[in-house]
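Please look over the sequence and the model before reading on.

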Amino acid sequence: MDDCVLFKDALNELSIAVMITTINDGVELMEELAKRQHNLPDVLFLDLNMPRKTGVDCLIEIKKSEILKRLPVIIFSTSYNPDITQLLYEQGANYYIRKPATFSALKKVISEALLRIGKKETMPVSKELFLIQP
């Protein structure tokens with residue numbers, strides 16, 4: 001929940017007109033996406049460490065769905081494991097953000113991710129551009 005509050009606060013300080021919905025576990029996420037198939041979000045920030053269904057499992061399910069696979073997915077995680085990052089890249093995530101330590105860095109990486117998605121810099125991006133860092 002703390003991550004969600006910080007994320008919302010950072011987004012609000014960016015002066016970007018957005019509507020944000022937060023969901024706390026992977027099963028709930030997939031149910032919500034199934035309900036909203038005809039009104040999907042413009043982008044999904046996906047945490048890897050969700051209860052009930054992991055972010056990796058959700059990503060795989062999203063990218064296998066004909067309806068959901070075009071949804072841009074940005075992985076947002078505290079950890080960075082090169083093997084997991086490679087798997088996420090191969091499974092179709094658009095970008096990977098390692099949660100930064102400071103609020104200003106958080107705003108910077110969220111802004112950069114939204115800028116890239118807004119420019120339609122989506123898959124396939126090169127591996128070098130996959131990781132967004134402050």
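Where is leucine 14 found? Leucine 14 lies in the loop between α1 and α2. The model discussed here is a predicted one. The points below turn to the overall fold, then to the core and the pocket, and finally to individual residues.

**Overall fold**

- The protein has six helices and four strands in its secondary structure.
- Read from the N terminus, these elements follow the order α-α-β-α-β-α-β-α-α-β.
- The C-alpha trace spans about 35 × 30 × 30 Å along the principal axes of the protein.
- The radius of gyration is 14 Å, which agrees with the value near 14 Å that a compact globule of 134 residues would have.
- Of the 134 residues, 37% count as buried.
- Among contacts with a separation of 6 or more, 62% are accounted for by residues 24 or more positions apart.

**Nonpolar core**

- The largest nonpolar core comprises 36 residues, and those with the most contacts inside it are Leu29, Leu33, Leu44, Leu46, Ile75 and Leu88.
- Two or more residues of this core come from each of α1 (2-13), α2 (26-35), β1 (44-47), α3 (55-64), β2 (73-77), α4 (82-90), β3 (95-98) and α5 (103-118).
- The element that gives the most to this core is α5, with six residues.
- Leucine 29, one of the core residues with the most contacts, touches Ile23, Leu44, Leu46, Met50 and Cys58, when residues up to four places away in sequence are not counted.

**Largest pocket**

- The largest pocket has a volume of about 1100 Å³.
- Its lining is formed by 43 residues, of which Ile20, Thr21, Val43, Leu44 and Phe45 are the closest to the centre of the pocket.
- At least two lining residues are supplied by each of α1, α2, β1 and α5.
- By class, the lining of the largest pocket holds 25 nonpolar, eight polar and 10 charged residues.
- Leu44 belongs to both descriptions: it is among the core residues with the most contacts, and it is also among the lining residues closest to the centre of the largest pocket.

**Residues in loops**

- Leucine 14 is in contact with Lys107, Ile110 and Ser111, leaving aside neighbours within four places in sequence.
- Leucine 14 and arginine 116 are 102 residues apart in sequence, and their C-alpha atoms are 15 Å apart in space.
- Arginine 36 has its place in the loop between α2 and β1, where it touches Thr21 and Pro41, not counting residues up to four places away in sequence.
- From arginine 36 to leucine 68 the separation is 32 residues in sequence and 9.9 Å in space, C-alpha to C-alpha.
- Arginine 52 lies in the loop between β1 and α3, and its phi is near 70 degrees, a positive value in a residue other than glycine.
- Most residues other than glycine have a negative phi.
- Arginine 52 counts as exposed because its relative accessibility is 63%, against a cut-off of over 50%.

**A residue in a helix**

- Threonine 85 is found in helix α4.
- Is threonine 85 buried or exposed? Threonine 85 is buried, because its relative accessible area is 1%, and buried means under 20%.
- Not counting residues up to four places away in sequence, threonine 85 touches Tyr80, Tyr96, Lys127 and Phe130.

Methods:
Residues numbered from 1 in each chain as written. Predicted model: local features only at pLDDT ≥ 70, side-chain atom pairs only at ≥ 80, totals over all residues. Heavy atoms only, no water. Core = buried A, V, L, I, M, F, W, Y, C linked by side-chain atoms within 4.5 Å. Buried < 20%, exposed > 50% of the residue type's maximum accessible area, 1.4 Å probe, protein only. Contact = heavy atoms within 4.5 Å. 1 Å grid on protein atoms, 1.4 Å probe; cavity = no way out; pocket = protein on both sides within 12 Å on 5 of 7 lines; lining within 4 Å. Points joined across faces, edges and corners; volume = space filled by probe spheres on them. Nonpolar A, V, L, I, M, F, W, Y, C, P; charged D, E, K, R; others polar. Rg over C-alpha atoms; globule rule 2.2 N^0.38 Å.
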